[in-house]
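Subject: Structure handover

Hello,

The structure is below, followed by notes on what was found in it.

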Protein chains: 2
Amino acid sequence: MEHEINDDKLDKILENLPDEELIYNLAELFKVFSDSTRVRILCVLMQSDLTVGEITKSLSMTQSAISHQLRMLKQARLVKFRRDGKNLIYSLADEHVSTIFSQTLEHIME
Amino acid sequence: MEHEINDDKLDKILENLPDEELIYNLAELFKVFSDSTRVRILCVLMQSDLTVGEITKSLSMTQSAISHQLRMLKQARLVKFRRDGKNLIYSLADEHVSTIFSQTLEHIME
DNA sequence: AATACATATGAACACATAAACATATGAAGA
DNA sequence: TCTTCATATGTTTATGTGTTCATATGTATT
């Protein structure tokens, strides 16, 4: 069984490689998913829109920690919010999160 | 528009929340995807099985850096390898990576 | 206007992590 | 066995990250 790849083939692989910027953005988005606090926030938001206080309560953490993480999720355009009096109600920005999570869970279950 | 969630509803959300361990594993897997070097390695492996030397060459990095990252990818069961003489030929462990990546790219493109 | 409540922000600290360097392992050929 | 080539591993260092604490912003109520 001989494995052989010449430079032409390597060149071809490099041509088909996505742009550096795209790869960077991909990694950046995964970085957002790479913290269990943020994953938990996304998981509760999958079930219902919630205020910051409710998220804080449900995850038993400080309000500050939650707020910092919501900031990252906002920047990644994964969540959005609307105001309701003194409260800010957060919700998922789209359904991509669910799709990505379920695909990834499939890999874990084996 | 009144937003109101009582404690019963919060309890229900907590019940439906995945196990702490599952969430942790999910975040851990995403952490593997959260570095652009590892994403690039996975991208070249999507195109062809490659030796460590070829990966090193194609990404213009030190062999040590590549080897360290391959170790993480191995631990996450994202890649596997077979021996061919002095070479180790790495390949993707399954097709989940492609699926996850394309879903995530969809979110980025908007 | 003063107060209370909900949320955001800034700084600091403890901890994690990627890359580089040096070195070790392990296979093949002389 | 000695050497060479391919890859892995241990250590160090510089940089990044999550949480906490203290404080600021902003909205509603009186």
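How many helices and strands make up the secondary structure of chain A? Chain A has 6 helices and 3 strands, where helices (H or I, at least four residues) and strands (E, at least two) are DSSP runs numbered from the N terminus. Their order from the N terminus is α-α-α-β-α-α-β-β-α.

This is a predicted model: local features need pLDDT of at least 70, side-chain atom pairs count only at pLDDT 80 or more, and totals for chains, interfaces and linings use all residues. Residues are numbered from 1 along each chain as its sequence is written, and chains are lettered from A and ligands numbered from 1 in the order in which they are written.

Between the chains, 45 residues of chain B are in contact with 45 residues of chain A (C-beta atoms, placed from the backbone, within 7 Å). On the chain B side, H6(B) gives the most, with 10 residues.

Around DNA strand D there are 23 residues, of which A:Ser64, B:Thr51, B:Val52, B:Gly53 and B:Ser64 come nearest (near: C-beta atom, placed from the backbone, within 6 Å). The largest share of that surface, 6 residues, comes from H5(B).

Regards

Terms used. Contact = placed C-beta atoms within 7 Å.
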